[in-house]
Amino acid sequence: PDGWEVTPRLSVGAGADTRNRKVDPRRGLLAEIRFSQAGYPGGVQNYREYLADFRIWHEWIPRHIVHGGAMGRYRPGSIAPYDYLFVGGTNTLRTYVPDEKLFALHEIICTAEYRYEAIPRMPLTLWRLNFYLGLELVCGTDQVWIWRDERAAERFRRLAGYYAGFHVLAP
């Protein structure tokens, strides 16, 4: 149908994951590097993507967790606007709302976060359903650098977000 564009992607990468648990980790690291080729010559999209992502968690004293992360993504080539990166929201740059100025082709995102386990995660059963529940107090910062083309000096933006709140730990 009109308006549809299929963008094939071929990726190769490597990763390491030493987190003590996949959900709500307390210690360990998660690292990934990846190279992708998206689109095809003559298509609406034809670009490469170089991605590096590194995250670390450390419980420096019981119930006090520090988390740090850095992710960079560089995508040279021809990219259609519907495939631009968006920074803002819960997984990238918290405290920012959607805006066309936050769309980019390339990005670097760094996070530093402190978590205090106010109510330790505990198992519960309700009507024969098993789950867990807990509460963490959280504060941190997101630092982001974005740009739209290879002439980074012309479109380069640095953004910062600071936040505090709580995480409800539930499946």
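User: What does the accessible surface of the protein chain come to, and how much of it belongs to carbon and sulfur atoms?

Analyst: Accessible areas come from the Shrake-Rupley method with a 1.4 Å probe. Here the total is about 10,700 Å², and carbon and sulfur atoms hold 62% of it. Keep in mind that this is a predicted model, where local features need pLDDT of at least 70, side-chain atom pairs count only at pLDDT 80 or more, and totals for chains, interfaces and linings use all residues. Residues are numbered from 1 along each chain as its sequence is written, and side-chain values use heavy atoms, leaving out hydrogens and water.

User: Okay, how many helices and strands does the protein chain have?

Analyst: Helices (H or I, at least four residues) and strands (E, at least two) are DSSP runs, numbered from the N terminus. This chain has 1 helix and 10 strands, and the order is β-β-β-β-β-β-β-β-β-α-β.

User: Which strands pair with S3?

Analyst: Two strands pair if DSSP finds at least two bridges between them. S3 (residues 46-61) runs antiparallel to S2 (residues 28-39), with 12 bridges. S4 (residues 64-74) is also antiparallel to S3, over 11 bridges, and S5 (residues 77-78) pairs with S3 in the antiparallel sense over 2 bridges.

User: Which residues stand opposite each other?

Analyst: Gly-28 faces Trp-57 in S3, Ile-56 sits opposite Gly-68 in S4, and Tyr-47 is opposite Gly-77 in S5.

User: What about the turns?

Analyst: The S2-S3 hairpin has 6 residues between its strands, and Gly-42 there has a positive phi of about 85°. Between S3 and S4 the hairpin has 2 residues, with Arg-63 in the turn at a positive phi of about 75°.
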